[in-house]
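Thank you all for making time this morning.

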Amino acid sequence: MDWSNVFSQALTQGIGIQAVIFCLAAIGLNVQFGYTGLLNFGQSGFLAVAAYGLGVSIAYAGWSLWVGLLVGIAAAVLLALLLGIPTLRLRADYLAIVTIAAAEILRLTFRSVTFDPIFGGSDGINRFADDFYRYNPYSGPVKIGPADFSQNDMWIVTIGWILVVILSIIVFLLMRSPWGRVIKAIREDEDAVRSLGKSVYSYKLQALIIGGVMGCFGGFIAAIALQSIQPDYYSTDLTFFAYAVLILGGAARVLGPIVGSVVFWFLLVLIDGALANAVSSGAIDFIRNDQVGQIRYWILGISLMLLMIYRPQGILGDKKELSLDAR
Amino acid sequence: MPDDHRPLVEALKDVPHEAGVAKPDPILVADDVMRHFGGLVAVDVDHVEIQRGTITALIGPNGAGKTTFFNLLTGFDRPNEGQWTFEGRQLAGVRPHKVAKYGMVRTFQLTKALSRLTVMENMRLGAQHQRGEKLFASIFPFLWRGQENEISERALRLLESFNLAQKQDDLAGSLSGGQRKLLEMARALMVRPDMIMLDEPMAGVNPALTQSLLDHIREVRAGGTTVLFVEHDMDMVRDISDWVIVMSQGKVIAEGPPHDVMSNEAVIDAYLGTHHDKPLTDSGEALTAHPEEV
Ligand SMILES: Nc1ncnc2c1ncn2[C@@H]1O[C@H](COP(=O)(O)OP(=O)(O)O)[C@@H](O)[C@H]1O
Ligand SMILES: [Mg+2]
């Protein structure tokens, strides 16, 4: 492995499938957490119900791709209602607790033996998305600068980034509208908003649904790109990485999730490749090759901590805004 | 300046000066409202009425229960018992945003300016029935741009009369404490309330602005809005209020026009905690000698 290969790998992943998935998850979190201040710690659950809604519709029920997508979106809306209706009148931390628990319950249900015939147990659902690749306009592998994509990857990545652009435009429009003004006001002081005649509860529920549906597109991309839905992919790590992506890029910034996910995956793969390279060439001899995977997360974690200390607003955030006491 | 409020204010002339007295045309009527925190009875109001179209002051020593009473009336806190009607409508148990929609809007003793929104955005937030606040309409600006412009014009006129027009594009968090008070009051007026309830509107406001603020409150009354305010500055209370209600230890202990109330022995006792033989009519110094720490 040579250094230019490490770099081109990092670039490929920086605009690749994982970056798209986490970008979509983070766009949803941005609406919920960034703009509204809702602590949704169960974003992985929204991606999971979307992925399984799609997979089960196609593989189990035998419906088309389009129906599968609608089922996935409906499942995300339903999940938002189930989580939001009982908790959003309560203090903010209740939503956090309930969402993190619900996401784990969903994952364990999807991987359970009982539902194996439907959800496929721990093997998940596989090879259900051939329909999607039938529409593939690319006739072979594609190179974009040093980045390299197979024919199928290029197709899903193209669709993924188109979705990112569309959803980002919607977020932009929402947040400069009077609706977005209410949302941002709720983040700062719910009682002030109530005193002006707006139902905080209703707006929070809307934000939870919108953010869940936007995030659920990440679940579709994950499912289709890998032609496989693995229950353990939708663990709490996914949620926390999506938060890392959002905070790195800058919360409450339309482009925050995009910048965050590109930088996050570029750096993660770069660190990984560089370490592996250095270890196998003997430049670093106190780490074994099989430890590189763990150590890159240490480095990433430390980098995120340093970022929070020296640039808490993220790459795109506004320090001036952050320094105002919101309460 | 329209003066429809004149007859309503005049009508108070014949009202006896006693606690819990009935008013000729009440906009708000509260009965047996009680709130206790553990063993502490914060509010225990048997009966009180607010005359429509007037400026009514709610005064009383620190801890008398004025803020708690505001919280109860506006749905931000729930009473252990009691009911009240506003414009004839039962309001007990109604959620705070509904109370505001029905036309009873309050401000907060500890100001709630939304720091990370601009002054203008704070103002716009107060306007009701905004098409752009609907989720689906919000992403189509042509559906709400016209209304937004009207709202902005009205907001600007209000900001001008509160001396905040030059600040319209600043973040509200950059304002001084007094300016935030003014902004909060102006924002509440954006709702076009039938009754506005101000919790210590003058606290921290630059004394140079006092007179214009008083004028503005009179204008609010002239526009047909009933004003109920909590205040510790007795000069302001005397200057502006048509009627004064005094609370102490959760109860209404006296009512009447300002001069009468400030010479009332029970009121002086409540404020000073001891018997005091000198009436507080003209200077009001005895009452302002113990300003509330915020
Ligand atoms: N949330 C609360 N919990 C416990 N005690 C409270 C609470 N809110 C107010 N109190 C008490 O109720 C009494 C009335 O307070 P308040 O209504 O703020 O008085 P005021 O506004 O007249 O100064 C005070 O003794 C206060 O300490
Ligand atoms: Mg108070």
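I will begin with the ligand, then turn to the interface between the chains, and end with the salt bridges.

Please bear in mind throughout that what you are looking at is a predicted model. So which residues surround ligand 1? The shell is made up of B:Phe37, B:Leu40, B:Ala42, B:Asn62, B:Gly63, B:Ala64, B:Gly65, B:Lys66, B:Thr67 and B:Thr68. Sorted by class, that shell has four nonpolar residues, five polar ones and one charged one.

Let me go through some of the individual approaches to the oxygen atoms of the ligand. B:Lys66 places a polar side-chain atom 2.8 Å from an oxygen atom of ligand 1, while a polar backbone atom of B:Gly65 is 3.0 Å from an oxygen atom of the ligand. For B:Asn62, a polar side-chain atom lies 3.5 Å from a ligand oxygen. On its own, ligand 1 has 560 Å² of accessible area, and the protein covers 60% of that. As for secondary structure, the elements of chain B that give two or more residues to the shell are strand S2, residues 40-51, and helix H2, residues 66-73; H2 of chain B gives the most, with three residues.

Now to the interface. Here 37 residues of chain B are in contact with 31 residues of chain A, and the area buried between the two chains is about 3100 Å², with carbon and sulfur atoms giving 62% of it. The rule finds four salt bridges across this interface, and there are also twelve residue pairs in polar contact between chain B and chain A. One salt bridge to look at joins A:Lys198 to B:Glu133, where the closest N and O atoms are 2.9 Å apart. On the chain B side, the elements that give two or more residues include helix H4 (119-126), helix H6 (145-161) and helix H7 (177-190). By class, the side of chain B that touches chain A has 16 nonpolar, nine polar and twelve charged residues.

The side chains of A:Glu104 and A:Arg107 meet in a salt bridge, at 2.9 Å from N to O. How far apart are these two along the helix? They are three residues apart in helix H5 of chain A, residues 92-111, which means that about one helical turn separates them.

Note on methods
Residues numbered from 1 in each chain as written. Chains lettered and ligands numbered in written order. Predicted model: local features only at pLDDT ≥ 70, side-chain atom pairs only at ≥ 80, totals over all residues. Heavy atoms only, no water. Near = heavy atom within 4 Å. Polar contact = N/O pair within 3.5 Å; in protein donor to acceptor, adjacent residues only side chain to side chain. Areas by Shrake-Rupley, 256 points an atom, 1.4 Å probe, with all protein chains shown as cover. Helix = DSSP H or I, 4+ residues; strand = E, 2+ residues; numbered from the N terminus. Nonpolar A, V, L, I, M, F, W, Y, C, P; charged D, E, K, R; others polar. Contact = heavy atoms within 4.5 Å. Buried area = accessible area lost by both parts, 1.4 Å probe.
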